Amino acid sequence: MVKDLVPRVHFYDQDFVDMYDRTWVWLDEIWHQGDKDAAFPEGFFTYGDDGTISLFDASVSSLFLVYSNQTYSPYSMIDFFYSHQGEDGEIADVYDIASGKPVYSEDNPKGLSLPLLSYVEYVFYHKIGNKKRLKDIVPMLEKYFAWVQKTAMAPNGLYQVPYSATHMGNLPREGAVYTVDYNASVAVFALYMSYIGDILNDKELAFRYKRVYFSIKTRINSMMWDDEDHFYYDLDGDENRIRNKHIGAYWTLLAEIPNDEYASFIIEELKDDKEFGTENPFPTVPVSSKYFSADGNGYSGGVSPFCTYIVVKGLMNYGGFVFARECTIRHMYFILDTLHPDAEQLGDVWEVYKPLSEGPAATPEGMINKKRYLPSIGLVTIALIIENIIGLDISLPRKTVNWTMQSLEEMGIEGLSLKKNNITILANKNARGWEIRLESEKLYYFTISILDEDKKKTLPIPSGKCSMLIDKL
C-alpha cells in the first residue's frame, strides 16, 4: 500500500490527512515504473497520455515528490530534460517522450517556460542532500540560462516571452510585452544560482549570479513598480506600465525583490476582500478588476493551487508565516469542499477553482480546466501541508528540522526519510501536558517555535526515542 511507503502526516482535521493520502494514491495510479534502459530509469508520470512531458509539470511536481521517501523519484523527470539539452543550452518546455525531441507550438515557437530549475535543485539539495549532484548540474543550468537570455532578453535587460511561457492560461494581459511574473521568475533563477554557488563555495559563480539578480531586480523595481498604485505591473512595448493587476506580481515576493515598504503594500492587497483577499485565496485577478468573475473564468479570476504556492512561499520570505498558513488552510477547505460537495456525491480536484464558493472555475470556450491536475494540486495537498500547515522546514545537509507552530495542536509527521535517517515528530496532549515525541536513527538538531506562546528552543535530538514537555521549555 502506497501509504506505507511515504511519510504519514498527523493533523487535527482528518480530512486534510485523507487528502494528503489520496494524492499519493492518485499519483501511484498514474506512475510509470522505471526501467534502467529506458528514458526514465527511476519512473515518471505525465498529465494526459499524448506521449509528451512538460518541463513545467516536472519542475513543480518535483517540489512535492521530494517528500515521497524516494518512492517516486523527484530526480527522474528532471534528469530527462538535462539529458536532452541542446548544444546551445536549450531545454524546451515540452518533449516527445519516444523520440526525445522538443515539441513546439504556434503560441510558443521557441519552447520557453518559467526558469524554475535552480529553485528545484536547491530544494533537492536541502531535502535529499546530494552535493555532488549540484556540482554536476551547474554547467547545464548555466547553459540553460544563457539560452534563455539569448532567446528572450530584450535590449532593455527585461525578458519578453509568449504568454503561454508564463503558464497562466487566459489571464488578461492587455497587450503586455514585458510580463512581471516571467521577469521575476528570471530573478528567482539567478538568486538560487547564487545560493548554489554559496553551497559549493564557488565564489565566482555566486558573485556572477548575484550581479545578474541585482540587475533584473533593479529593473523590476524601477520600471514595473508604480508609486501611485503601490503595485508591480506588466509593461507594454514602450515600457509603459499597464495598470492591470494580477497575481503574477507576487512572483516578486518569491524573488525577494520588494523592500519591506513595497512588500507591505502588496501584502495588504492579499488581505483586502476587495482585492486578492477572497474567501478562497488568491484569485488570479483582484475583485476590483473589470476581468474578475465569481465563476472564475479560468485564469481570469480563478484560484490556481500553483499560484497559491508561489504566494505562500513569497510571504514566508517576509515573515508572513501566520497569514500564509491561514490562507493555505482556507484554500485546502475549498479543495475539500469541491472534492466532497455533499455526502451523496464525490467530486474531484482541479487546475483552477472558484474564488468565492466551492467548485471548479468555469472556463471560456477553447480552454480546459484540467481535472485531477496533480502537478499543481500536489503542491498544496502534500508540500504545503507539510511545510506550511504542519510547519516543518527540513534541511538534510544542515541536519536541522525547524518546526514552527502558530499554537499548540495535535499534529506532526511520521516515518520521513532523511537519506538513511527515518524521523518521527509528533505533538499531542496527555496527562503531563503538551508533549512532543521524537524518534530518529541519527543525531539531528531540532528547533521548535510556538508563536502564540513566544517559545523557541533548539535541541540536539539523539538517535532513538525521546520526548519533550512544552511547559518545560
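This tour moves from one selection to the next through helices, salt bridges and a charged patch.

The model is predicted, so local features are given only where pLDDT is at least 70 and side-chain atom pairs only at pLDDT 80 or more, whereas totals for chains, interfaces and linings use all residues. Residues are numbered from 1 along each chain as its sequence is written, and side-chain values use heavy atoms, with hydrogens and water left out.

Begin by selecting helix α6, residues 180–199; helices here are DSSP runs of H or I with at least four residues, numbered from the N terminus. Colouring by accessibility shows α6 as mostly covered, with 18 of its 20 residues buried, where buried means under 20% relative accessible area, exposed means over 50%, and partly exposed lies in between (1.4 Å probe, protein chains only). After α6, step to N201, which has a positive phi near 55°.

Next, select K210 and D198, whose side chains meet in a salt bridge at 3.3 Å, N to O; the term requires a side-chain nitrogen of Lys or Arg within 4 Å of a carboxyl oxygen of Asp or Glu. This pair links distant parts of the chain, with K210 in helix α7 and D198 in helix α6, twelve residues apart. D198 is partly exposed at 44% relative accessible area, and K210 is also partly exposed, at 31%.

Now select R208 and E142, which form a salt bridge with an N to O distance of 2.4 Å. R208 lies in helix α7 (residues 203–224) and E142 in helix α5 (residues 131–152), so the pair ties together parts that are 66 residues apart in sequence.

Move on to helix α11 (residues 321–339), where E326 and R330 lie four residues apart, about one turn of the helix. Their salt bridge has its closest N and O atoms 3.0 Å apart, and E326 is partly exposed at 39% relative accessibility.

Finish by selecting D15, D18, D337 and E358, which form a negative surface patch; patches are made of residues with over 30% relative accessible area and no salt bridge, with like charges joined within 9 Å and nonpolar side chains (Val, Leu, Ile, Met, Phe, Trp, Tyr) within 5 Å. Within this selection, D18 belongs to helix α1 (residues 14–30) and is partly exposed at 36% relative accessibility.

Terms used
Areas by Shrake-Rupley, 256 points an atom, 1.4 Å probe, with all protein chains shown as cover. Lys, Arg positive; Asp, Glu negative; His and termini not counted. Charge placed at Lys NZ, Arg CZ, Asp CG, Glu CD. Helix = DSSP H or I, 4+ residues; strand = E, 2+ residues; numbered from the N terminus. Expected span 1.5 Å × (residues − 1).
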